[in-house]
Amino acid sequence: METARTLRELSCADDYDPDSMPVDRARALIREFLQPLTAVERVHVRAALDRVLATDIASPLDVPGHDNSAMDGWAIRYADLASTGATLLRRVGESFAGKPFGGRLAAGETVRIFTGGVMPDGADTVVMQERATETPGGVSIAPGAVTREGQNRRFAGEDLRRGAIVFRTGQPLRPAELGMLASLGINEVTVYRKLRVAFFSTGDELRSIGQPLATGEIYDSNRYTLYGMLTRLHCDIVDMGVVPDSPDALEHAFATAADAADVVITSGGVSVGEADFVRDLMNKLGEVLFWKIAMKPGRPLAYGKIRNAHFFGLPGNPVSVMVTFYEFVRDALLVLQGRRDVAPPPMFKARLGKAIRKVPGRTEFQRGILEPSDVGGYTVRTTGDQGSGILSSMSQANCFIVLPADAGNLDVGTDVDVQVLEGLL
Ligand code: AMP
Ligand code: MG
C-alpha cells in the first residue's frame, strides 16, 4: 500500500504515466488522497436517512425484550403432551401482543396466545391454532402438532442482544437502519455533516438555460447532470454557473469554489491545448495532476487539491462527464462522506445480443440496454451511436457495458460485464 505521498511525489514515481492511466490505477491513486470528513452533527432518526453514522451504536435493549409467540395459537408446556393421541388442556387465560397473561401456567393448562404475545411463565412451546380445537371440555391438541420443545417461540434478544454493537461508524443509514434504530428506542444519532460540493462549467460557447443562443453556442447541460448526480449522493451543492475560458475569471472561480466547499468539480477545459492554460493556474492555486485515462469516453481527467478542497476536472463532453463521475467521483465522494464500504460500481455478466466493434487499448463504457432473455439470464446491446457528445445514449441506457482495455471486437453471445445504472446513484 502506497501511503502518505504528496501529489508531487506521486507524479515523479517511475511507473507513473499521465498519458496512459488505467481506470483502476487512477481510482486507487485518488483513494490515497481522500480523508473522510471529521465534522459531525446530531440529527433525529428521520433526518438521518441517507446520512453516514459517525459513531458505533450498541443496543440499549434486548430485541425482542421478552420471549414471545411467533404464531397465533396456544401456549403450552411441552412436557404435558401425550406420547400418543390428542392432549386435552384447560384454558386459563390469554396473552395478546402488548397485553401479557399475568399468571403462571401449571400442569395441564394452556393460554390462548397471539403473534407477539409474551410467553406466559411456565409455558415453553406454542401450538399453532390450526392444530388445536377448543371444545366445551377443553382445548384438544392434535397428535403430532408439536415436533420439539420451544417450537413457535421467539427468544428474548434473538434479533439483537443488549450491549451488542448494532452498527459501526461509517454505516450508511437506509430505511432498514432507521427502522432498526427505532426498534431500539433511539431517536437521535450522530452523523457526519453533509459534504459540500461546488461545481461550474467552463467554456466560452456555453449559455445557461433561459438565455438565447447565438450561432455556435450551446446550452450547458453538464451542470444539470452534475446537479442530479450530486443530489442523488446527498451532497450540499453550490452551483457556480458557467465560467468563461479566461484566466482571471477561472482563477477567481477556482479560489471561490475551494473556499466554499470540500470538493470542487468542473467540466471542460482539461483536454489537450486547453489543459495547458488550466495547468498553469492549478500550479498557482494548488497541486493538480492531469491524466489521460485509458478509457472511452472520458479520456482527460484532472485530480488534485486546491487549497483544502479536492478537485475533479472532468472532460467537457456530456457523456464523458457522467461516465467519469460514475467511475471516479462517486467513489471518492462516498469515501469523503465517511462510508467504509466503498467499492467500484458492481458488475455482473450478461450475454451480448448484438456484436460490438472495439479497438484494443482502452477500457470502454458503452451505453447499454439490458433485458431479461427468453432463455434465462440477461442479454445486453448498445444504445447505438456511442459518441461522447450524445447524451441521449445515457438516457436510453440502463447500464454500462464495460469492455476491458485488451478486448477487441466481440461476437453475439459473448458474456460481457455490465454495471446497472439504476441504484448506482
Ligand atoms: P472541452 O473539454 O472543454 O474541450 O469540451 C469538449 C466538448 O464538450 C465541446 O464540444 C464542448 O462544447 C462540450 N461541452 C463542454 N462543456 C459543456 C457543457 N457544460 N454542456 C454541454 N456541452 C459541453
Ligand atoms: Mg471547453
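Which domains does the domain assignment of the chain give? The model is a predicted one, and its chain is assigned domain 1 (2-39 + 193-336), domain 2 (40-62 + 164-191), domain 3 (68-154) and domain 4 (348-420).

Consider next how domain 1 and domain 4 meet. Their centres, taken over C-alpha atoms, are 26 Å apart. On the side of domain 1, 16 residues are in contact with 15 residues of domain 4. The size of an interface is often given as the accessible area lost when the parts come together. For domain 1 and domain 4 the buried area is about 1300 Å², and carbon and sulfur atoms give 67% of that area. K296, V319 and E327 together supply 40% of the area that domain 1 buries against domain 4, more than any other three residues.

Which polar links join these two domains? There are zero salt bridges between domain 1 and domain 4, but six residue pairs are in polar contact there, with both residues at pLDDT 80 or more. On the side of domain 1 that touches domain 4, strand 19 (295-296) and helix 7 (318-336) are the elements that give two or more residues. Helix 7 has the largest share, with seven residues. By residue type, this side of domain 1 divides into nine nonpolar, four polar and three charged residues.

The peptide bond from K296 to P297 is cis, with omega near -5°. P297 is found in the loop between strand 19 and strand 20 (300-306). K296 is also one of the three residues named above for the area that domain 1 buries against domain 4.

Another cis peptide bond runs from V63 to P64, again with omega near -5°. P64 lies in the loop between strand 2 (57-58) and strand 3 (68-69). The loop between strand 1 (40-44) and strand 2 holds D50. This residue has a positive phi of about 70°, although D50 is not a glycine.

The next stop is the ligand. Which residues come nearest to ligand 1? Of the 16 residues around ligand 1, the nearest are E205, D220, S221, G269 and E274. Two of these can be followed down to single atoms. In the side chain of E205, an N or O atom is 2.6 Å from an oxygen atom of ligand 1. D220 has a polar side-chain atom 2.7 Å from a nitrogen atom of ligand 1. N222 also has a polar side-chain atom facing this comparison, at 3.2 Å from a nitrogen atom of ligand 1.

How many salt bridges does a search of the whole structure find? The search finds 29. One of the salt bridges joins the side chains of R5 and E32, with a distance of 2.9 Å from N to O. R5 lies in the segment before helix 1 (7-12), and E32 lies in helix 2 (residues 23-32), so this pair ties together parts that are 27 residues apart in sequence.

Notes
Residues numbered from 1 in each chain as written. Chains lettered and ligands numbered in written order. Heavy atoms only, no water. Domains from an automatic or database assignment. Contact = heavy atoms within 4.5 Å. Buried area = accessible area lost by both parts, 1.4 Å probe. Salt bridge = Lys/Arg side-chain N within 4 Å of Asp/Glu carboxyl O. Polar contact = N/O pair within 3.5 Å; in protein donor to acceptor, adjacent residues only side chain to side chain. Helix = DSSP H or I, 4+ residues; strand = E, 2+ residues; numbered from the N terminus. Nonpolar A, V, L, I, M, F, W, Y, C, P; charged D, E, K, R; others polar. Near = heavy atom within 4 Å.
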